[in-house]
Amino acid sequence: MIAPARVAAYEILASVSAGRADLSDALAAARATMRDDRDKALAAEIAIGVQRWRAALDHLIVHFSKRPIGRLDREVVEILRLSTYQLLHLQRVPAAAVVDDAVSLTGRVGKHSAGGLVNAVLRAISRSRGTLPLPARPDNPGDRENAIEYLSVTLSHPRWLVVRWLERYGFEATEHWLRFNNRPAPLTLRANRLRNTPDELIERLRQEDVVVSRARFAPDALLVGSGHPLRGPAADAGWFVVQDEASQLVSLLAGTDPGARVLDACASPGGKATAVAATMHARAMLVACDIRSRRIELLRRTVTTSGVTNVRLVQADLLRPLPFSQAFDCVFVDVPCSGLGTLRRDPDIKWRRQEIELRSLAVTQIDMLRHAAAVVAPGGRLIYATCSSEPEENESVAEAFLSIAPEFAPCDASTACRALPSSVVNEHGHLRTYPHVHGLEAFFGAVFLRKT
């Protein structure tokens, strides 16, 4: 019998490769069909690991099969990927069991004739685990071609993205960044100030055998060291929200007094909206928008669990003029973007994105920012944010917006929020986090003030 976790991992990977779902949705669908928590965890570990290391896995598959990836059936490719990942990264599983399951799975998906190839390739990889034919780290990082081969293949990132980061940041920083992306991300919580302080939450979680520590930059961020906070009463009671630390920093850009009316124009899943709403007086109101019904429901659950009562949900499309007759004191525009700053948490993104998309994404982002700007009150604050690493979506969009909106002026992020650590504010006055500098995902935030 094939291990259920391996079957589930195959189905997840096949769904992602076919474009039927992104990794997070495919994982959620698979978990819903599995009963055993250990199987859920192993299936997720395999599927996520394959996406992290896909370039290196494919390089080995090509080497030992002596065939280009495109010459292999896509079902066989996914089986070889997940099995090679297990052989190299999950060595607590006996190699023989991995190979036997792979051959059986090949038959199960209707590719019986490929069973011999799968068996031979995996056994060869298993025998070569100590001397894998992967590009070595160059002795001279200035050897550009060898550096790119090592970074893109051995550290498994798209060549186009490696070239960009290598030219912008240099070899050492790029290597650090790629290694960061290939490590599992910690579970990060934000203490819900409506329920408890961070110190109170630390003690409450300790009583549930959950060990957390204070994060480095965001004041309410806690990193989970051990335990399962999502399974205990703390989660249901709304004591915390799961939210990346860099995302928590974006929320701080609203300041301690964001005004009587605040709009979060792209609010789901709700971490930022609930954080800001908790700082507002009871008489103040935050309007939280998103376009899709499914994301509105996710937003609704976050708001309800958090216990904030001054949030109103509106389904709206930021690519069109917003349906509000009254202006807002503060408007957040956390735009849909390439997501290239979050590859540690969403490794499938690096294989789905193409460099050519950045320009069209930026055009859309400027359009969204323009519509959001129309509902900012005189003297009000407009906040533009992404989870992208790339300047086309960040600094370039901020500059383009200011060129078409003379009624707005840039505001230094440190001025917008005195509590924001100066180390995450760059020379342009923008919030900018980097893996190789801060140990955080790459997020961006710019603040503009309406003059008239």
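Buried, in these notes, means under 20% relative accessible area. I keep that cut-off handy while I page through this predicted model.

Entry 1: I looked up W177 first. Its relative accessibility is 0%, so W177 counts as buried. I then turned to Y169, where the relative accessible area is 23%. Y169 is therefore partly exposed. My search of the whole structure gave nine aromatic pairs. Y169 and W177 make up one of them, with ring centres 5.5 Å apart. The planes of Y169 and W177 stand at 45 degrees to each other, and I logged the pair as tilted.

**Entry 2: charges over rings.** I checked arginines next. R204 places its charged end over the ring of W239, at 4.2 Å from the ring centre. For R261, I noted the charged end over the ring of F328, 4.3 Å from the centre.

**Entry 3: strands.** I moved on to β3, residues 221-226. Strand β1 (residues 188-191) runs antiparallel to β3, and three bridges join them. Strand β2, residues 211-214, is also antiparallel to β3, joined to β3 by four bridges. How many residues lie between β2 and β3 in their hairpin? I counted six.

Terms used
Residues numbered from 1 in each chain as written. Predicted model: local features only at pLDDT ≥ 70, side-chain atom pairs only at ≥ 80, totals over all residues. Heavy atoms only, no water. Pairing = 2+ DSSP bridges. Helix = DSSP H or I, 4+ residues; strand = E, 2+ residues; numbered from the N terminus. Phe/Tyr/Trp six-rings, centres within 6.5 Å; stacked < 30°, edge-to-face > 60°. Buried < 20%, exposed > 50% of the residue type's maximum accessible area, 1.4 Å probe, protein only. Lys NZ or Arg CZ within 6 Å of the ring centre and 35° of its normal.
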